Amino acid sequence: MSARPPYPRTRRARRALVASCAALLLAATGCSFGEPDPDPAGEPPTFPTPSASPAQGGAGQQVVATVLAKGLRVPWAIGFLPDGAALVTERDSGRILKVGPESGPDGLRVTVAQTITDVAAAGEGGLLGLAVSPDYQRDRTLFVYYTTEEDNRIVRLQLGGEPTPILTGIPKAGIHNGGGLGFGPDGQLYASTGDAGDRPHAQDAKSLGGKILRITRDGKPASGNPFPGSPVWSLGHRNVQGFAWDASKRMYAVEFGQNTWDEINEIVKGKNYGWPQVEGRSDDKRFANPITQWATSDASCSGLAAVDRLLVTGCLRGKRLWVVELTDTGTVLGQPRELLTNRYGRLRAVAAAPDGSIWVTTSNHDGRGDPTAEDDRILRLVFADGGAGRS
C-alpha cells in the first residue's frame, strides 16, 4: 500500500522510522539506540530539513535518541513556536518552560517563560496540556489546560500576561484529569478530559468529564458539535491525555484502561467509546472499538503524535514507545512495534517537531518512576541515515 504524504519531509521521517522498527524486530543487533557524541561546546544544534529522497531501510537502519534537555520535573506537554523554540509545561511546578532555540554544551537552553500561580498540583493534576495558536505570529496566544483548587480549566494567555479562563468546571481529582489540548485541522480547539475517578461522568452527556471537547478560541461550543449547545465531541472515555490527526485529518486518541486494555481509538463525531461498560474491544454495537489495544503492563500511554501514516505514543508503565502504521483507510497495517523499551524509563509527551523529528519527554519524577540524575529529560529521535537532525 502506497503512502501519499502531503509533505515530502514527513514521508522521509515516516519511512525511516518504519525501517528502523522493522530492523529492531528482525535483528536485535541491527537497530541501535543511544546518544551520539556531544556537539562541540557552544555550537547551536543543526536541524536541517529532511530530504525527499527515499530512506534507506534494512538491518543497518539506526535510530538515535539525543538528549536535548535534562533536569526537568514532570514535563507534560510540548508546543512549538515559529522561532524554532518549544514551550514545555511542567505538571507539578506550574511552570511553562521555553526550550531553545539557543543551545550550549549541555543541550538546548531552558528558561522559565511563565509560572501559572493558581495551578493546584496533586496526584495526576497540575499544569497539563498546552496548545500554540495557529496564528501565533500575529496573536502571540497560548491555550493551557490545568488543575486549580476548584476544577480543571482551559485558559487563554500571552506569555507574561494573566490567564483568561475560557472553559471552567471540568471535573478534577487526584486521578484521571485528562489534560490533552490541541488545534484540529478545522481550526477548532480540542481538549481531552478524564472521568476524575467518578465513572458515571463518562456516559453523562451533560458532564464535561470523560470526554473529548471541541470549542472555539473563546471557549464556546464549536459549530457542528453533535450535541446542540454542548462542547462534547465524543464520550465514554476513562482518561485521554494524548491525541493527534493523521495526514488525512482523521483524529486518534490514546486511552488509559483500568487493569486489562489500553487503547488507541479513531475519534469520530458523537461516538461513544464505552467506558465504564467496556474496556478494550467488545461486541456491543453501541460502542466504538479501538483500532489497537495493549495489555496495561505494556502500555499506559500518555502522549500521541502523528507523522504521515504513523502514530507514535509514549508509555508510562510500559516504559516504551509504540509505533502504529496506518492504512489509507485509517486501520492498522501489520503489528504495532515498540521502541526505546526500558531505556529511558517512563515516557510521556510525544510531539512531531517542525523538522520531521520526534520529541519525547520522560516522566520519572512523577512519583511512579525511578529518576536518574538527568531526569526528567527531553529526547529527540533522529535517523542515522541522514534524515532529520544531526546524526
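This is a predicted model: local features need pLDDT of at least 70, side-chain atom pairs count only at pLDDT 80 or more; totals for chains, interfaces and linings use all residues.
View 1. Residues are numbered from 1 along each chain as its sequence is written, and side-chain values use heavy atoms, with hydrogens and water left out.

Of the 391 residues, 57% count as buried (buried means under 20% relative accessible area, exposed over 50%, partly exposed in between, with a 1.4 Å probe and protein chains only). You'll find 2 helices and 24 strands; these are DSSP runs numbered from the N terminus, helices being H or I with at least four residues and strands E with at least two. Now for contacts, meaning heavy atoms within 4.5 Å: among those between residues at least 6 apart in sequence, 53% join residues at least 24 apart.

**View 2. The disulfide between C301 and C315.** How many disulfides does a search of the whole structure find? It finds 1, where a disulfide is a pair of cysteine sulfur atoms within 2.5 Å. Here C301 is joined to C315, S to S 2.0 Å. The pair links distant parts of the chain, 14 residues apart: C301 sits in strand 18 (residues 301-307) and C315 in strand 19 (residues 310-315). The link is right-handed, with 65° about the S-S bond. Both C301 and C315 are buried.

**View 3. L321 and what surrounds it in contact.** Look for L321 in strand 20 (residues 320-325). Is L321 buried or exposed? L321 counts as buried because its relative accessibility is 0%. Leaving aside neighbours within four places in sequence, L321 is in contact with residues including V312, T313, G314, L339, L340 and L381. From L321 to L304, you go 17 residues in sequence and 9.7 Å in space, C-alpha to C-alpha.

**View 4. F243 in strand 14.** That strand covers residues 240-245. F243 has a relative accessible area of 10%, so F243 is buried. What does F243 touch, not counting residues up to four places away in sequence? Its partners include G180, L181, G182, Y190, M251, Y252 and L304. As for V254, this residue and F243 are 11 residues apart in sequence and 6.3 Å apart in space, C-alpha to C-alpha.
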